Amino acid sequence: MQYYTYYQTPDPFDDLIMESDGQYLTALSFTSDRTLENQTNEDLEVFQKTRKWLDAYFSHHIETEYPPIKQEHATAFQKEVYEILKSIPYGKTVTYKDIAKKIASQRGIASMSAQAVGQAVGSNRIAIIIGCHRVIGTNGKLTGYRGGLKNKKALLNHEKS
């Protein structure tokens with residue numbers, strides 16, 4: 001069974017939808033990305049922990065205790081990319097190429113495709129907590145974002161202030 005609830009964000013962000021299997025956070029997405037068909041509004045412990053984390057984030061506090069997350073549909077490579085995304089410090093950005101170089105180094109290989117990294121980043125279903133908004137193009141420009149470029153820009157500006 002899947003449970004859903006909304007999280008109301010401050011302006012200028014779109015609100016968020018939290019999704020859970022009852023125990024783990026399985027998705028966190030902006031309402032610009034999707035809408036709820038059947039809202040259950042369950043006040044699960046995982047939703048409480050996610051709200052606490054998001055409240056801290058939007059108050060410029062760094063919360064080190066993440067809510068329990070499960071991304072069962074992610075491949076091993078995607079999970080490897082997500083761990084790197086979680087390690088990007090608040091207020092910092094990296095490029096797809098930076099992540100590709102890091103993975104290549106960890107694997108002891110000459111190179112890794114930045115495009116493959118981009119596809120993995122784009123498949124992330126846990127916005128903000130897994131900091132895919134902190135990944136930018138090599139030229140410093142904002143690139144695609146599942147939650148919309150408006151939200152990506154707002155998140156980066158939020159972290160700089």
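A search of the whole structure finds one cavity of 30 Å³ or more. The model is predicted: local features need pLDDT of at least 70, side-chain atom pairs count only at pLDDT 80 or more, and totals for chains, interfaces and linings use all residues. Residues are numbered from 1 along each chain as its sequence is written, and side-chain values use heavy atoms, with hydrogens and water left out.

**Cavity**
- The largest cavity has a volume of about 60 Å³.
- Twelve residues line the largest cavity, and the closest to its centre are L28, N124, A127, R146 and G147.
- The lining divides into six nonpolar, three polar and three charged residues.
- A cavity is a set of points on a 1 Å grid over the protein atoms alone where a 1.4 Å probe fits but cannot get out; lining residues have an atom within 4 Å of a point.
- Points are joined across faces, edges and corners, and the volume is the space filled by probe spheres set on them.
- Ala, Val, Leu, Ile, Met, Phe, Trp, Tyr, Cys and Pro count as nonpolar, Asp, Glu, Lys and Arg as charged, and the others, Gly among them, as polar.

**Helix packing around α4**
- Helix α2 (residues 76-87) and helix α4 (residues 114-122) have axes that come within 9 Å and cross at roughly 80°.
- α2 and α4 are therefore roughly perpendicular (65 to 115 degrees) to each other.
- On the α2 side, F77, Q78, V81, Y82 and L85 meet A116, V117, A120 and V121 of α4 (contact: heavy atoms within 4.5 Å).
- This contact of α2 with α4 has eight nonpolar residues, one polar and no charged.
- Helix α3 (residues 96-107) packs on α4 at about 105°, with the axes 8 Å apart.
- That angle makes α3 roughly perpendicular to α4 as well.
- Y96, K97, I99, A100 and I103 of α3 meet A114, V117, G118 and V121 of α4.
- Here the classes are seven nonpolar, one polar and one charged.
- Axes are lines fitted to C-alpha atoms, for helices over the stretch in contact, and angles run from 0 to 180 degrees between N-to-C directions.
- Helices (H or I, at least four residues) and strands (E, at least two) are DSSP runs, numbered from the N terminus.

**Salt bridges**
- The structure holds nine salt bridges (a side-chain nitrogen of Lys or Arg within 4 Å of a carboxyl oxygen of Asp or Glu).
- One of them joins K150 and D14 at 2.8 Å, N to O.
- K150 lies in helix α5 (residues 149-160) and D14 in the loop between β1 (3-7) and β2 (16-20), so the pair ties together parts 136 residues apart in sequence.

**Backbone in loops**
- The peptide bond from D11 to P12 is cis, with omega near 10°.
- P12 sits in the loop between β1 and β2.
- H60, a residue other than glycine, has a positive phi near 65°.
- H60 is placed in the loop between α1 (45-58) and α2.

Terms used
Angles under 35 degrees count as roughly parallel, over 145 as roughly antiparallel, 65 to 115 as roughly perpendicular and the rest as oblique. On a 1 Å grid over the protein atoms alone, a cavity is a set of points where a 1.4 Å probe fits but cannot get out, and a pocket is an open set with protein on both sides within 12 Å along at least five of seven lines; lining residues have an atom within 4 Å of a point.
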